[in-house]
Each structure stands twice: as structure tokens, then as C-alpha cells.
Amino acid sequence: MDAKITLSFDEDVIHGAKLFADRNNISLSRLTEYIYRNLIENNYKSLDELPIANWVMQVAEEAPIYVRSRKPNAALKAEFYESRKKKK
């Protein structure tokens, strides 16, 4: 059974993802589901375990650093809406 969710992404990311989905004859929803399904089926325990394309590792000067926010959800939401106001 399908369930609906709401996600927020940078407009450039959404545009690129839509183009990719169109080129591959798949809806953006199914593409997103495919990506999440791969994440959960491979039982990744952390972001460090996610596969990174070889070319990314070749051009990277140092190991990737993932920054996780420890802010409360309310603060993250306020920060998100502030960033949207600045873009307009």
C-alpha cells in the first residue's frame, strides 16, 4: 500500500531529479522510493557505509565529512523557512 509523504529539497535538486526520472521513464515518486528501498535493503548502518561513485573518491582531496545536525526539529524548521525567505 502506498502512503504519501512531504519532502523538501533544494529547487536545483528537484529539477535535476525530475529530468533524470523523465529520461528513465519513471516518476519522481518511484525514483525516490527506489533509492530509499536500496538504502534499507542493503542495511546501511551509517552514512559512511553508503556507496560513493569512484569518480567522487578520485576527485576528493580528503575523506568525505558528514555533518549531522543536533538541533531540535523546531529550530531546523525555522532555519529552513528563513532560508526560503532569503531566496525570494
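Reader: In which helix does A21 lie, and is A21 buried or exposed?

Author: In this predicted model, A21 lies in helix α1. Residues under 20% relative accessible area are counted as buried, and A21 has a relative accessibility of 1%. The residue of helix α1 is therefore classed as buried.

Reader: How far apart in space are A21 and L31?

Author: Along the sequence, A21 and L31 are separated by 10 residues. Taken from C-alpha to C-alpha, the distance between A21 and L31 in space is 6.6 Å.

Reader: How many helices and strands are there in the protein, and in what order do the elements run?

Author: The protein contains 4 helices and 0 strands. Read from the N terminus on, its elements follow the order α-α-α-α.

Reader: What percentage of the residues in the protein is buried, and what percentage of the accessible surface belongs to carbon and sulfur atoms?

Author: The protein has 88 residues, and buried residues make up 2% of them. Its accessible surface comes to about 8500 Å², and the part of this surface that belongs to carbon and sulfur atoms is 56%.

Reader: Where is N25 found, is it buried or exposed, and what is its phi?

Author: N25 is found in the loop between α1 and α2. With a relative accessible area of 74%, which is over the 50% cut-off, N25 counts as exposed. Although N25 is a residue other than glycine, its phi is positive, with a value near 50°.

Reader: Which loop holds N43, a residue with a positive phi although it is not a glycine?

Author: The phi of N43 is about 50°, a positive value in a residue that is not a glycine. As for its place in the chain, N43 is found in the loop between α2 and α3, the latter helix spanning 54-59.

Reader: Which residue forms a salt bridge with D2, and why does the pair tie together parts that are 28 residues apart in sequence?

Author: The closest N and O atoms of the salt bridge that D2 forms are 2.5 Å from each other, and the partner of D2 is R30. D2 lies in the segment before α1 whereas R30 lies in helix α2, so the pair links parts that are 28 residues apart in sequence.

Reader: How many residues apart are E33 and R30, and what is the distance between the closest N and O atoms of their salt bridge?

Author: Both E33 and R30 lie in helix α2, where they are 3 residues apart, about one turn of the helix. E33 has a relative accessibility of 26% and counts as partly exposed.

Reader: Which helix gives the largest share of the lining of the largest pocket?

Author: About 790 Å³ of space lies in the largest pocket, and of the 22 residues that line it, L7, L28, S29, T32 and E33 lie nearest its centre. By class, the lining has 14 nonpolar, 2 polar and 6 charged residues. Helices α1 (11-23) and α2 (28-41) each supply at least two residues of this lining, and the largest share, 11 residues, comes from α2.

Reader: Which helix gives the largest share of the nonpolar patch?

Author: The nonpolar surface patch covers about 880 Å² and is made by I5, L7, F9, V13, Y34, I35, Y36, L39 and I40. One of these residues, Y36, has its place in helix α2 and counts as partly exposed at 38% relative accessibility. The largest share of the nonpolar patch, 5 residues, comes from α2.

Terms used:
Residues numbered from 1 in each chain as written. Predicted model: local features only at pLDDT ≥ 70, side-chain atom pairs only at ≥ 80, totals over all residues. Heavy atoms only, no water. 1 Å grid on protein atoms, 1.4 Å probe; cavity = no way out; pocket = protein on both sides within 12 Å on 5 of 7 lines; lining within 4 Å. Points joined across faces, edges and corners; volume = space filled by probe spheres on them. Nonpolar A, V, L, I, M, F, W, Y, C, P; charged D, E, K, R; others polar. Salt bridge = Lys/Arg side-chain N within 4 Å of Asp/Glu carboxyl O. Buried < 20%, exposed > 50% of the residue type's maximum accessible area, 1.4 Å probe, protein only. Patch = residues over 30% accessible without salt bridge, like charges linked within 9 Å, V, L, I, M, F, W, Y side chains within 5 Å. Areas by Shrake-Rupley, 256 points an atom, 1.4 Å probe, with all protein chains shown as cover.
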